[in-house]
Amino acid sequence: MNLDGFFFTALIKELETELTGSRVEEVYTDSDNKLYLQLRAPGRTQKLMISVISPPFTFFLAETVGSKNRTGFTQVLRNALAGKFLTKITNSAFDRWASFYFADTPDASPAYTLELELMGRQNDLTLTDNTKIIATSRIGDSEQRTLQPGHRFTPPPTSNKLKPQDLSADYLEQLLAQRPAEKIAQSLVRLVFGVSVVLATEICHRAKIDPRQPANIDDIPHLIQVINVLTMNCLENNVRPVAYFNGNELHSIYWTELTHLHELREERLASLSQALALQFSAWRNQQLIKDKQNIAKHIHARLKRTEKKLGKQLKELETAKNHQQFREIGDTLLAGLYQIGKGQSTVELINPHNAKSMEIRLNPELSASENAQSYYRKARKYKDAAKIVQQQINKSRQLINYLESLHYSLEQCKNSAELEEIITEMREQGLFKKRQKKSAKGEAKLRSEFIRQQTPLGENVLIGKNNRQNDLLTLHVANKNHIWLHVRDYPGSHVILETPDPDQNSLEYAASLAAWHSKARGAAKVEVVYTSVRNVKKIPGGKPGMVNYYNYRSLVIDPRAHMQTTPATAGGTPREDRQ
């Protein structure tokens, strides 16, 4: 994130204009631990998003909010700030520390202050009553300051860098002379308060200096001139938010033009908050892609191991199926006892089951009867082994189907909340190391996030987005008289049509949604089964989303728009669904 000291100061001035005088309505967090202050001003509601717990560390006015949660920290903030007015926001120029003041009325003295620090490695949000700390996002102690409830709030340590508004050519020349071989861009970042690598590169470009070369005395007046212009623009709120794109991919955002990125596509933005929201969204999308790729690798590796294991089990089953052959050998030996001499190692006898001659190996130390009993024991052993191996094969095949359904859910995942549901499911199934079990509030959140659509007649259609949602939707949320739909033999969503007696058009509409929300989406024709919810049962001990269904019918349907269907076909045999 390009939220350096200059950007921070410009953003605070923008927020002062937008938020001063507004009243706090609510305080909450989303599923990614981003904190939101919801404030009401005449004619509009604003949501200030603050991220200090997990990257990216930033703050801006957000347009949209995900699921609303509340932690102990946000509950304390809500108790203190709800109903209070934001009367003032202050910031020491080019520092990444700001104070938000809250009072009982717009004209009253502040009752609480919210201290925001975005210092790179150290990022804190601290609530004080102007005498002591009430709550903080990160409790910690150091030689320089203490962040503990009950202690007096100590401002963050000051920097020894040069304030850009106080910069002089002579002093800058003296400092640059101390490291004559250092690149000029590095020197600016090291010496000038609030300057980042991006801004240092821009300063050099505007001064027509190569940022990779050491400073030259003749360059210093040009550097001072550019820094002075940027300093005044920032302090006087003369900002021009801009985003730069490399093709369709966001490259950078900043509070003013970055002329050194002239080769990239430039897009002017309405506000600094819009710029930061754009960068935040791009960061989350990139993080989502990385996380999905890592989880996909994990699923793929487990799938390959299970398929390899299944191959071995199938070979073991073929061997175990020899139990009938061992029984026939035992029967043949008993039928031909009189033909077997003492101490023989082999004998050729007629198999009474098929009247064919067979050569049988014998243990010469055993009698003919004892050899027969030995083969009977082998037959029983292999018969029992065949049952066990078949059970193992069934489990391996179920796991393969389940892993394929997980992979499909992962492909359809659109945001971090949905990804977290998949990760939680994998932990519950032992595919990831478990975390502490979530509360029932998590289930309530899942209920609110089903995909919801309506048929042309206005009937509701609910669609699960992953295995956990499928289980919750079908087994706990859906009315037993409503209609359950799912694509046969493919991973996909459970779909509920909220009517007990749909007409053909509504049924086809819901079936088209089931086809679309499945791995068979690209097929020309897809078979969708449907039945009453009461006919769908969880497989005992089965993986999430795996059910049996009875008394079903089916539609063969085109999953694209304006679906055409063939007449429904009847079915009565129980089926095992793959998701």
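Helix α6 spans residues 220–235; its 16 residues reach 22 Å from the first C-alpha to the last, close to the 22 Å expected at 1.5 Å a residue (the expected span is 1.5 Å times one less than the number of residues). The model is predicted: local features need pLDDT of at least 70 and side-chain atom pairs count only at pLDDT 80 or more, while totals for chains, interfaces and linings use all residues. Residues are numbered from 1 along each chain as its sequence is written, and side-chain values use heavy atoms, with hydrogens and water left out.

**Helix α6**
- Among the buried residues of α6 are Ile 220, Leu 223, Ile 224 and Cys 234 (buried means under 20% relative accessible area with a 1.4 Å probe, protein chains only).
- The cover over the buried residues of α6 includes α1 (5–19), α3 (169–177), α4 (184–191) and α5 (197–206).

**Helix α12**
- Eight of the 11 residues of α12 (residues 467–477) are buried, leaving this helix mostly covered.
- Asn 466 caps the N-terminal end of α12, with a side-chain oxygen 3.3 Å from the backbone nitrogen of Arg 468.
- Arg 468 is itself one of the buried residues of α12.

**Glu 459**
- Glu 459 sits in the loop between β17 (451–454) and β18 (460–463).
- Although buried, Glu 459 has no salt bridge; Arg 452, the nearest side chain of opposite charge, is 15 Å away (a salt bridge is a side-chain nitrogen of Lys or Arg within 4 Å of a carboxyl oxygen of Asp or Glu).

Definitions and conventions: Helices (H or I, at least four residues) and strands (E, at least two) are DSSP runs, numbered from the N terminus. Buried means under 20% relative accessible area, exposed over 50%, partly exposed in between (1.4 Å probe, protein chains only). Lys and Arg count as positive and Asp and Glu as negative; His and the chain ends are not counted. A polar contact is a pair of N or O atoms within 3.5 Å; within protein, one must be able to donate a hydrogen and the other to accept it, and residues adjacent in sequence count only if both atoms are side-chain atoms. Contact means heavy atoms within 4.5 Å.
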